[in-house]
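Work through these exercises with the model open. Each task is followed by a solution in steps.

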Amino acid sequence: NPQNGDIGAMISKPRDSPFARAVYASRFMLVVPNQHSSVYSRTWCAYEAYLGFTQSKYVYTASAPLPGLACSVGTMLAIVAGRL
């Protein structure tokens with residue numbers, strides 16, 4: 001995973017970086033916020049958002065799971081599996 005190594009040479013031209021190429025190749029972007037700081041306070045995240053915006057990508061923002069949703073989905077899957 002290049003994010004964990006020395007990526008200096010890979011991002012000398014940010015628009016040609018593997019991360020930018022992933023944005024160019026995608027139709028969608030998923031923004032995953034956290035409780036500690038804004039995603040956009042990190043330079044690279046802001047740059048990816050800029051690329052997505054200028055490329056007219058669909059951008060989705062993740063949210064916290066709904067309480068009880070996993071249990072409800074599990075119950076529905078059990079019901080459907082029982083009918084097969």
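**Exercise 1.** Classify Ser56 as buried or exposed, then place Ser56 in the chain and inspect its phi.

*Solution.* Step 1: Ser56 has a relative accessibility of 64%, so Ser56 counts as exposed. The cut-offs are under 20% relative accessible area for buried, over 50% for exposed, and partly exposed in between, with a 1.4 Å probe and protein chains only. Step 2: Ser56 sits in the loop between H2 and E2. Helices (H or I, at least four residues) and strands (E, at least two) are DSSP runs, numbered from the N terminus. Step 3: the phi of Ser56 is near 55°, a positive value in a residue other than glycine. Most residues other than glycine have a negative phi.

Two notes on the source apply throughout. The model is predicted: local features need pLDDT of at least 70, side-chain atom pairs count only at pLDDT 80 or more, and totals for chains, interfaces and linings use all residues. Residues are numbered from 1 along each chain as its sequence is written, and side-chain values use heavy atoms, with hydrogens and water left out.

**Exercise 2.** State the fold pattern of the protein chain and its buried share.

*Solution.* Step 1: count three helices and two strands. Step 2: along the sequence they run α-β-α-β-α. Step 3: of the 84 residues, 14% are buried.

**Exercise 3.** Which residues make the nonpolar surface patch, and which strands supply them?

*Solution.* Step 1: the patch consists of Phe28, Leu30, Val32, Tyr58 and Tyr60, and covers about 560 Å². Nonpolar side chains (Val, Leu, Ile, Met, Phe, Trp, Tyr) are joined within 5 Å, like charges within 9 Å. Areas come from the Shrake-Rupley method with a 1.4 Å probe; for residues, only the protein chains shown count as cover. Step 2: strands E1 (28-31) and E2 (58-61) each supply at least two residues. Step 3: Val32 belongs to the loop between E1 and helix H2 (43-54). Val32 counts as exposed because its relative accessibility is 53%.

**Exercise 4.** Where is Ala49, and how far is its C-alpha atom from that of Val39?

*Solution.* Step 1: Ala49 is in helix H2. Step 2: its relative accessible area is 26%, so Ala49 is partly exposed. Step 3: the C-alpha atoms of Ala49 and Val39 are separated by 9.7 Å, and the two residues are 10 apart along the chain.

How values were computed. Patches are made of residues with over 30% relative accessible area and no salt bridge: like charges are joined within 9 Å, nonpolar side chains (Val, Leu, Ile, Met, Phe, Trp, Tyr) within 5 Å. A salt bridge is a side-chain nitrogen of Lys or Arg within 4 Å of a carboxyl oxygen of Asp or Glu.
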